[in-house]
Amino acid sequence: MNDKACFIYSEECLKYDFGKGHPFRPERAYHTYEALLKLGFFDRDIELIPPDYTTKEEFLMFHTLSYVENLLEEKRGRLLYHGIGAGDNPFFEGIGSAASVVAGASIKAARKLLEGYRLAFSFSGGLHHAHPNYAYGFCIVNDIVLAIKEILKRERGYPGKILYIDIDAHFGDGVVYGLYDTADVVTLSVHESGRYLFPGTGFINETGRGEGKDLKINVPLPPYSAEFEFLRVVDEIIMPLLEIVKPAYVVVQCGTDGYKEDPLTHLEYSAYSYLYFLSRMQEFLKNNASKALVLGGGGYVPPFASLIWFVTTLVLSEIMSIEEALKLSQKNLNLFGYSAFEVKFEPENRKNMKSQQDFEKISDQAKELLLTAENRLSELRTRN
Ligand SMILES: [Zn+2]
């Protein structure tokens with residue numbers, strides 16, 4: 001048994017790049033890696049492990065044969081039928097191997113957890129919009145579903161063995177729908193409502209199907225939801241669900257695009273919101289035997305994502321407290337690509353004044369879903 005943490009990364013992950021001017025920046029995970037490297041954390045506390053390329057067979061755990069073949073062979077014309085080439089997901093040279101190494105990082109992370117590691121970080125992953133047959137929303141392949149399937153392929157599944165938590169501002173459609181009818185994975189996606197934001201789905205009534213019924217929870221927040229709303233979701237939905245499911249594995253998608261400075265969404269979380277989520281997660285992991293797979297995701301203020309992921313790595317690995325990790329990152333802001341401007345991490349307690357009623361309604365409905373999920377899970381677990 002190995003209690004340690006590992007960080008899966010190599011500079012090959014930088015190849016996942018739609019080109020200059022595209023908002024999805026691969027440098028974010030690179031800066032997190034580089035800061036940990038330069039400050040000496042890979043020497044003793046965290047093991048740095050390079051990813052392998054994803055094989056065709058591994059891709060087929062989730063993706064369709066035609067998509068995988070066209071992607072790996074980089075058939076530009078055919079890839080148009082798979083969402084690559086126009087709009088959000090432009091074609092680029094090396095797209096197949098870029099997708100393969102990034103997905104390979106998350107699959108490797110899953111494998112390390114199976115080998116006995118307690119924590120695995122894969123910040124170039126977190127591509128939660130990719131569907132079996134097509135790329136979507138900057139996500140070419142779905143490393144998250146692949147990593148989860150890798151765990152379930154090698155270990156017996158049972159209801160609620162894995163809890164997927166997605167705090168990206170966008171609904172984690174590829175993951176939630178990809179695991180919609182299994183009871184082995186409970187999913188929770190907290191995002192800006194699909195009425196206002198891509199991908200336009202993820203409503204409260206989408207709760208799973210078949211064996212997975214009642215085990216998929218969506219919390220679609222009104223636009224402009226801020227720190228007050230996010231902290232309440234953490235305390236009233238995320239933490240209680242962790243306690244209800246008590247999963248063997250927690251898979252966390254840490255997109256940072258709910259941050260108020262983010263140009264692509266209308267959420268207004270403070271920087272402190274992310275630290276609060278982190279502190280509660282750390283507390284849970286400390287008191288429970290769950291292993292954690294921690295992934296990246298969206299985040300269109302690149303230095304902010306790099307910094308949050310750096311702090312997350314140090315805190316969840318129990319190398320230092322949030323305060324110490326923050327101090328260290330503030331002293332080294334240049335390592336994250338920050339130039340002159342600073343980030344304020346003090347609590348703001350700011351509320352979305354415009355739609356408190358909408359928020360209360362969603363929050364009440366989500367709490368009811370928790371009860372339904374709890375009942376369903378205990379029914380399934382007794383039956384097993
Ligand atoms: Zn996003």
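Contact here requires C-beta atoms, placed from the backbone, within 7 Å; helices (H or I, at least four residues) and strands (E, at least two) are DSSP runs numbered from the N terminus. The model is predicted: local features need pLDDT of at least 70 and side-chain atom pairs count only at pLDDT 80 or more, while totals for chains, interfaces and linings use all residues. Residues are numbered from 1 along each chain as its sequence is written.

**Helix 1**
- Helix 1 (residues 27–38) comprises 12 residues and reaches 16 Å from its first C-alpha to its last, close to the 16 Å expected at 1.5 Å a residue; the expected span is 1.5 Å times one less than the number of residues.
- Its buried residues (20 or more other C-beta atoms within 10 Å of their own; 12 or fewer is exposed, in between partly exposed) are Arg-28, Ala-29, His-31, Thr-32, Tyr-33, Ala-35 and Leu-36.
- Gly-40, with a positive phi near 85°, follows helix 1.

**Helix 6 and helix 7**
- The axes of helix 6 (residues 95–115) and helix 7 (residues 143–154) come within 8 Å and cross at roughly 30°; axes are lines fitted to C-alpha atoms over the stretch in contact, and angles run from 0 to 180 degrees between N-to-C directions.
- Helix 6 is therefore roughly parallel to helix 7, a term for angles under 35 degrees.
- The crossing of helix 6 past helix 7 is right-handed, the near helix being turned clockwise from the far one by less than a right angle.
- On helix 6, Val-102, Ala-103, Ser-106, Ile-107, Ala-109, Ala-110, Arg-111 and Leu-114 meet Asp-143, Ile-144, Leu-146, Ala-147, Glu-150, Ile-151 and Arg-154 of helix 7.
- The residues of this contact divide into 10 nonpolar, one polar and four charged, where Ala, Val, Leu, Ile, Met, Phe, Trp, Tyr, Cys and Pro count as nonpolar, Asp, Glu, Lys and Arg as charged, and the others, Gly among them, as polar.

**Backbone exceptions**
- Most residues other than glycine have a negative phi, and most peptide bonds are trans.
- Glu-74, in the loop between helix 4 (65–72) and helix 5 (76–79), has a positive phi of about 50° and is partly exposed, with 16 other C-beta atoms within 10 Å.
- Phe-138, in the loop between strand 3 (119–122) and helix 7, has a positive phi of about 70°.
- Phe-198 and Pro-199 are joined by a cis peptide bond with omega about 0°; Pro-199 is found in the loop between strand 5 (185–192) and strand 6 (216–221).

Methods
Parallel < 35°, antiparallel > 145°, perpendicular 65-115°, else oblique. Contact = placed C-beta atoms within 7 Å.
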